[in-house]
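Reader: I'm new to reading protein structures. Could you walk me through this one?

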Amino acid sequence: MMLHSLHIPTISSIRSSTSQSLRSSEHPPHLLRFRTSGRENLRYLKTLGIIDPNTKPHKLPSPETVDQVLSTVNFLKSKGFSEPDFPRLSFLCPKLFTPDSDPTDIEPVFEFLTFDLAATDQESCGLIIRCPQILLSDVEYCLRPTLIYLRKLGVEKLNVPNSLNAHLLNTRVERLTEKIRFLRSSGLSRQESAMACRRFPAIFGYSIDNNLKPKFEYLVGEMKRSVEELKAFPQYFAFSLENRIMPRHMHLEQRDVRISLKRMLLWNDDKFYAKWN
């Protein structure tokens, strides 16, 4: 296990302080250096949140595993990640730091983000931090087809490092098309469905059964609103049915008031209830 690959200041200081004693003999110092390196590597991985600090000694990873994990750490650092990023990466995607993970397996994702998505190094890191699982996705079968599909719909600025873009890119085309089919079954044309998703891409992340369908049924059933209003304000799906849509609809209905969905839902509670008291 080569310690110098980590480039850790605390380790180099330890090596510097013991350099004279290491030169005094040949075999024992080599053994001492190996043991010190192993302990320091484990301690380093603990500070990064990759190894649980409370792990029992007999459950600690082998030196070979530590070497493999360190190679992944160093690779990610070479791509622009800093040490404070690793606890989140490890927590959300622990598979990254296992013996089965190899930097050569995730290199294609960085190439995709750079050349296909045209993201900067900083933007790439930002997207990965928000959805580390993207590093485990297959470029040819998932990431590239999804990017092509979203661009055909007209979704723009996918390189901007936010949670929505990160998870959109990591969503297979089949799941995206499910939302388009739902909108079409609700009365929107293919072009109108694409327009709604382009204006409000978060729709792709919503569950049909738990979000889109019940809200649509309430819109046309209880609220007696038309699909045209949904075309004009697809952001309707972003609001809570129980906590926002239903209370405000009933409040307005009791006062025989009818306003646009946008006006009904975008105002904060103080402004809304002061206006329609």
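Reader: Okay, which residues are buried in helix H11 (residues 190-199)?

Author: Keep in mind that this is a predicted model. Buried here means under 20% relative accessible area. In H11, the residues that count as buried are Ser193, Ala194, Ala196 and Cys197.

Reader: And how wide is the arc that the buried residues of H11 fall within?

Author: Picture yourself looking down the axis of H11. The buried residues line one face of the helix, because they fall within an arc of 160 degrees.

Reader: What covers the buried residues of H11?

Author: Other helices are part of the answer. The cover includes helix H10 (173-185) and H8.

Reader: Which residues of H6 and H8 make the contact, and how many of them are nonpolar?

Author: H6 brings Pro108, Val109, Phe112 and Asp116, while H8 brings Val139, Leu143, Arg144, Leu147 and Arg151. Of these residues, 3 are charged and no polar ones take part, and the nonpolar ones number 6.

Reader: Zooming out, how many helices and strands are in the protein chain, and what share of its residues is buried?

Author: The chain has 16 helices and 0 strands. Out of its 277 residues, the share that counts as buried is 42%.

Terms used:
Residues numbered from 1 in each chain as written. Predicted model: local features only at pLDDT ≥ 70, side-chain atom pairs only at ≥ 80, totals over all residues. Heavy atoms only, no water. Contact = heavy atoms within 4.5 Å. Helix = DSSP H or I, 4+ residues; strand = E, 2+ residues; numbered from the N terminus. Nonpolar A, V, L, I, M, F, W, Y, C, P; charged D, E, K, R; others polar. Buried < 20%, exposed > 50% of the residue type's maximum accessible area, 1.4 Å probe, protein only. Arc of directions from axis to C-beta.
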